[in-house]
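Dear colleague,

After it comes a written account of what turned up, arranged by topic.

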Amino acid sequence: MEQNLRIPGPTPIPPEVLHALSRPMINHRGPEFAAILERVETQLQHFFQTTHPILFFPSAGSGAMEAAIVNCFSPGDHVLAVTIGVFGNRFAKIAETFGLRVTRLETPWGHAADLDQLTVALADQRDLRGVLLTHNETSTGVTNDIAALARIIRQRQPDALILVDAVSSLGCVDLQMDAWDLDVVFTGSQKGWMVPPGLAMVAVSPRAWAAADRATLPRFYWDFRMAKKSLDKGQTPYTPPVNIFFGLDVSLEMMRTEGRDAIFARHQRVADLTRTRARALGLALFADPAYASNTVTAIIVPDGIDGKALTKALREQERVVIAGGQERLEGKLLRIGHLGYVHDTDISACMDALERQLAALGYRAQEPAYEQ
Ligand SMILES: Cc1ncc(COP(=O)(O)O)c(C=O)c1O
């Protein structure tokens, strides 16, 4: 029996894509690769909802976070980091590491960024060069309202760059780069794209290009300008993960066939199913229901249950693999990924297994389920 991989990335890969991944190698500086690169960029623009160029870096998602910072800013630049969890904190930390002046706007974990607090925070700032946002905070299962946040930022700080970590949401949840006037938007191959880890994809607005020309932070590997120069020749500056491109070429075609709106609707449906099944078990959800993520659901480990023992039993007895909590939420959360190649049957099987293994550990549902 195949594993039911229900972590929020890396995600399962469809058979057609697995097949494509094993194609014989080609010259990464030849015409075949250039054709793939062009197709992949065009397809991605549809999902980023942008006409801006998309750059490719062989890396994890965190590489894209660093790329965004080093290309947009100079030492001492002031940025506002809106953080609602582990990945928002990582974005802020990267900015601090490179010598930026970082003001943090923090929200209690489990909640989305507050629009009124953002309004106040922006009014107080002078010389603000950028705002760092997380679209989908994978550690807490919360999706920020980027459209509303960006609108406020544009009203108060029209020249600030808006950088959006969309690693665990793009391709699954609506994000309109151009319509919402976002400047740098990035994602990682191992999340909604149905391909293995190893490729970061970064879209860059004209405002961010101008900033990249001015910015003085040192950069080599992550240099947007170098990546763009290569892109224009149908190449990447360094050896790309060719197989991932083979896979993406196929997975994006599958995504286009299914349709963007149909994909968003499927993610909504599997997320609703996950939450409904969890609540029916008397389990409490961690995220504010108004902002609950459609790509990952965080469930509070019930009292008296050892979360580690539960995930171990799921893995060993059921071949269902879920994630736990991160950092201060370690041992306190179960996280179920439902992004990319996921259908109702995968979630039903996962929740059936969860029900069995909770029962085996002596869990009895208490009513009503507590929610934050
Ligand atoms: C929202 C978000 N940002 C950034 C990252 C970092 O990606 P990576 O682990 O590929 O570096 C992740 C990974 O889970 C993520 O979920």
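**A helix pair and the sheet beside it**

The crossing of helices α10 and α12 is right-handed. Please bear in mind throughout that this is a predicted model. The axes of these two helices come within 9 Å and cross at roughly 15°, and because angles under 35 degrees count as roughly parallel, α10 is roughly parallel to α12. On the α10 side the residues that meet the partner helix are Arg269, Val270, Leu273, Thr274 and Arg277, while α12 brings Asp344, Ile347 and Met351 to the contact. Sorted by class, the contact of α10 with α12 has four nonpolar, one polar and three charged residues.

Next, the sheet. Four strands form an open sheet in the order β1-β12-β13-β11, and the pairing within it is mixed. Since β1 (4–6) and β11 (296–300) each have a single partner strand, they stand at the edges, so one side of each is left without a neighbour in the sheet. On average, and with direction ignored, neighbouring strands of this sheet are turned by 30° against each other.

The pairing of β11 can be described in some detail: five bridges join β11 to β13 (residues 333–337), and the two strands run antiparallel. Within this pairing, Ala298 has Arg335 of β13 as its bridge partner.

Both helices also bear on the sheet. Helix α10 (residues 260–280) lies across β11 and β13, and its direction is at about 10° to β11, whereas helix α12 (residues 344–360) packs on the sheet by touching β1, β12 (320–324) and β13, with a direction that makes about 90° with that of β1.

**The two domains**

The domain assignment of the protein gives domain 1 as 4–9 + 259–360 and domain 2 as 15–256. Their C-alpha centres lie 26 Å apart, and across the boundary 24 residues of domain 1 are in contact with 25 residues of domain 2.

Which elements each supply at least two residues of the side of domain 1 that touches domain 2? They are α10 and β11, and the largest share of that side, four residues, comes from α10. By class, the side of domain 1 that touches domain 2 has twelve nonpolar, eight polar and four charged residues.

With best regards

Key. Residues are numbered from 1 along each chain as its sequence is written. This is a predicted model: local features need pLDDT of at least 70, side-chain atom pairs count only at pLDDT 80 or more; totals for chains, interfaces and linings use all residues. Two strands pair if DSSP finds at least two bridges between them. Axes are lines fitted to C-alpha atoms, for helices over the stretch in contact, and angles run from 0 to 180 degrees between N-to-C directions. Two residues are in contact if their C-beta atoms, placed from the backbone, lie within 7 Å. Angles under 35 degrees count as roughly parallel, over 145 as roughly antiparallel, 65 to 115 as roughly perpendicular and the rest as oblique. A crossing is left-handed if the near helix is turned anticlockwise from the far one by less than a right angle, and right-handed if clockwise. Ala, Val, Leu, Ile, Met, Phe, Trp, Tyr, Cys and Pro count as nonpolar, Asp, Glu, Lys and Arg as charged, and the others, Gly among them, as polar. Domain bounds come from an automatic or database domain assignment.
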